[in-house]
Amino acid sequence: TPSRVTPPRRVVRVRATPPRASSAALARSLREKAARWTTAEPSQACFDLTNCSAEDAKDVVHLIESKENRLCDAQKAIQNSSGVWEVFYMPHIRSIAEPLGMKVAPLRYRFSKDNSIETEVRIQLGSLVDVWLSADGVVCTRPDGNLGDCYIRFDNFDVSRGDDGPPQRNSDSLLTKTINAIGKLFFFEELSRFPVHVFEDDVCVFAFPPLKSYIATYRIQSADD
C-alpha cells in the first residue's frame, strides 16, 4: 500500500498592524510642556528639536501610518491655523544638529487670520553661535495643487543675537537688508510645498518632500488667548 503524503501546510503571513494612534493622546503628552511658555518670555522653548522624546517620536510615526497616507484638506487647515505653533519633531534637523552639539529651539510658526505667517528659530552652538533667525510671508493653497498641499512664500528674512530675543520686524538696518537679500536668494520654489497629513487636536503634521521627512507641531497658543 503506497504511503500517504501529507501536503505541506500553507503558511499565512499576517501583516503586523501598527499601534493605534491618537492625536488627542499625543496632544495630552505635549500640553504640560507647552504650558510653561508665555508671551512674556518668548525665548522660553517648550520643545527641544534635538531632544524629542522617543515616545513622542513614535506617536508621530504611528499617527502618520494610521492615516494611510491620506492628506487633510489644506484650505480648511489654513483657515483654522490661527495662533502660535511650536515644532517638537523634525528628524532631518535633529540628524544634522545632534552630532554637532547644536541646539535648535524654539522653532515657532505664528499664523494670522489674514493667512500671513511669521517664523522664528533660535540656534545655539556652544559659545560660538547664538542667533535668532526669522522669516515672514504668506501661506496659501493653489488651484493647480493637490487637496492636501499648502504653500508658503517667505518675503522677509532677519537675524538677531540670541540674548536680544526674536528679531524686531520692519528693521531698516544694513544687516537686515543683507540677510533679507540672502534669504530670498536661497529660498527656492521647491521648498515651499508642504502636504498636510494631520490637523486635529492642536497637532499638525506635514511633510517636507525635498528630504522625504516630516515636521510635527503643537499649537501652544490660540489666536483668541
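In this predicted model, residue D201 sits in the loop that links strand β6 (193-200) to strand β7 (203-208).

- Although D201 is not a glycine, its phi angle is positive, at about 55°.
- D201 counts as partly exposed because its relative accessible area is 41%, a value that falls between the 20% limit for buried residues and the 50% limit for exposed ones.
- D202 is likewise a residue other than glycine with a positive phi, here near 65°.
- With a relative accessibility of 32%, D202 also counts as partly exposed.

**A cis peptide bond**

- The peptide bond that runs from A105 to P106 is cis, and its omega angle is near -5°.

**Cysteines**

- A disulfide is a covalent bond between the sulfur atoms of two cysteines.
- How many disulfides does the model contain? When a pair of cysteine sulfur atoms has to lie within 2.5 Å to qualify, the count comes to zero.
- C140 is in no disulfide, since the nearest cysteine sulfur, which belongs to C150, is 8.4 Å away and the cut-off is 2.5 Å.
- Is C140 buried, exposed or partly exposed? C140 counts as partly exposed, because its relative accessibility is 31%.
- C46, by contrast, counts as buried, with a relative accessibility of 2%, which is under the 20% limit.

Key: Residues are numbered from 1 along each chain as its sequence is written. This is a predicted model: local features need pLDDT of at least 70, side-chain atom pairs count only at pLDDT 80 or more; totals for chains, interfaces and linings use all residues. Side-chain values use heavy atoms; hydrogens and water are left out. Helices (H or I, at least four residues) and strands (E, at least two) are DSSP runs, numbered from the N terminus. Buried means under 20% relative accessible area, exposed over 50%, partly exposed in between (1.4 Å probe, protein chains only).
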